[in-house]
Amino acid sequence: NSNTLQICVAQETILSSPDTDISSLIKCNPNGSISLEKLSSSICASKYWCIKTDGDQNTPNLASSSPTLAALAPSIRAPSLLLPPDMVNIREVNLWYAPHKSCTNSHYDGNHNILLVMKGTKTVELSPPGAIRGSVIYSEHANHPAVFPSPSVICDDNTLRKINNELERTRECCNTSSIVVSVSEGEALFIPEGWWHRVESSASCLAINFWFDHSHYSVSALTTPSNRHMLPFLAREMARRYLDEHFDSFAQKFLVKSAMDLITGSHNLPFSIEELVITFKSNTDISDDLKVLAKKIANFASQLFEKDGNDTQKENIRHLTDMLDIFFALVAFKNDTHRRIAVWLIREGFPRLNYASHQYTFAKATQKLHIESCFVLSQIWEHHAAINEGTSKESEECHERFFANCGERSTKAKCSFSSKVMEFKGNVAKYLLLDDLLLGTV
């Protein structure tokens, strides 16, 4: 029934501690009860509400205007022997409910996990970190197997062959190293960090889990012979965190170099950008010049798409691609003003295209965009940039308008766009992890 939505697995956060260098705000008392440290920091309670510790009080101030799952905290009893407060930081406490029989994909988590089943049964298939090859660490699903292709991948015969080979390799590894365990009502299972796991739940299954980490980690302790099986996960996790920490600054360096190459090289524009080039090279704020450039591009687009026709299609595609590449190369993706100008250009500067010839021109131009332009656009949309503050819906409209103007080629344009975003992220990741981290040549 197309009007019916079935929820297979519902996960809702009860308490969540921020990822900080200080001790966790959530602790397990000797009797198993959950307490909050005497800190004034915020704690996430459910997905839509916040609670704060009340000065010297251990009891949190719960949001009183609406009930939240944080109200369940006083009723929870954790396995205190496994979660001693002097050794463990509890990161999250979650409630899991499966209205129907369900199954998750294989994945791993970045924290240790204790899963307690309160009703029904969960069957868990566990595999050590090295058993399955993970997706690239700069993808949005780095903790899932590489066998799951990116949405941007076009599954031609060659890609399908690679996927089948990876599936076969994964099956062989899992068959030789997997552990399958059934967890029933009143039982608990410890799932170590980095271990691949797939969970099948019976209908109406109810469970609570605790994600936690240890307070006293050391590199030497992590690399002892008994921990050898964990090295694939630890290496991936450390590389991913290093990448997260430094990605934005290195990405901006890549973009600045690209912008310099574009504005000083040969380009095909129907107007001069000499003043903008001078401002950019002087390393001063280019916001005003960027606005002028956006208006020039909008005027060009207005004239280009005001009537049907394809007599100068190739030249128009080249002009449009060059203009957009230069514009997005100059956008500092962390700068709110620059992002608002970019949203204005796409949302207001380009009319809705109805003629097939215009949609063809726009689709071809977007498919020829440099990888740097695609990355900047993706960041604008991911950060919900808007022309006016507090109106994040404009970002979604900007995204929809951009690909809607590609007409029947919108799916192909989206795939090309996503592939180029991943290519740019891959270039930055290789530079950071190979040159900077391992070789030390930077």
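What you're looking at is a predicted model, where local features need pLDDT of at least 70, side-chain atom pairs count only at pLDDT 80 or more, and totals for chains, interfaces and linings use all residues. Residues are numbered from 1 along each chain as its sequence is written, and side-chain values use heavy atoms, with hydrogens and water left out.

Let's start with the charges. Side chains of opposite charge can pair when their charged atoms come close. Here a salt bridge is a side-chain nitrogen of Lys or Arg within 4 Å of a carboxyl oxygen of Asp or Glu, and the count comes to ten. One of them joins Asp213 to Arg91, 2.9 Å from N to O. Asp213 sits in strand 14 and Arg91 in strand 7 (residues 88–98), so this pair ties together parts 122 residues apart in sequence. Strands are DSSP runs of E with at least two residues, helices are runs of H or I with at least four, and both are numbered from the N terminus. Both partners, Asp213 and Arg91, are buried, meaning under 20% relative accessible area; exposed is over 50%, and partly exposed lies in between (1.4 Å probe, protein chains only).

Now move to helix 3 (residues 231–264), where Arg241 and Glu237 are four residues apart, or about one helical turn. Their side chains meet in a salt bridge at 3.0 Å, N to O. Glu237 is buried at 8% relative accessibility, while Arg241 is partly exposed at 41%. These two also belong to a network of salt bridges that links Glu237, Arg240, Arg241 and Asp244.

Lys334 is in the loop between helix 6 (313–330) and helix 7 (336–349), 86 residues from Asp248.

Next comes helix 5, with 18 residues (287–304).

Most residues other than glycine have a negative phi. Ser204, though not a glycine, has a positive phi of about 65°. Ser204 is found between strand 13 (196–201) and strand 14 (205–214). As for cysteines, Cys205 is buried at 1% and Cys103 partly exposed at 44%. With a disulfide taken as two cysteine sulfur atoms within 2.5 Å, the count is zero.

Methods:
Expected span 1.5 Å × (residues − 1).
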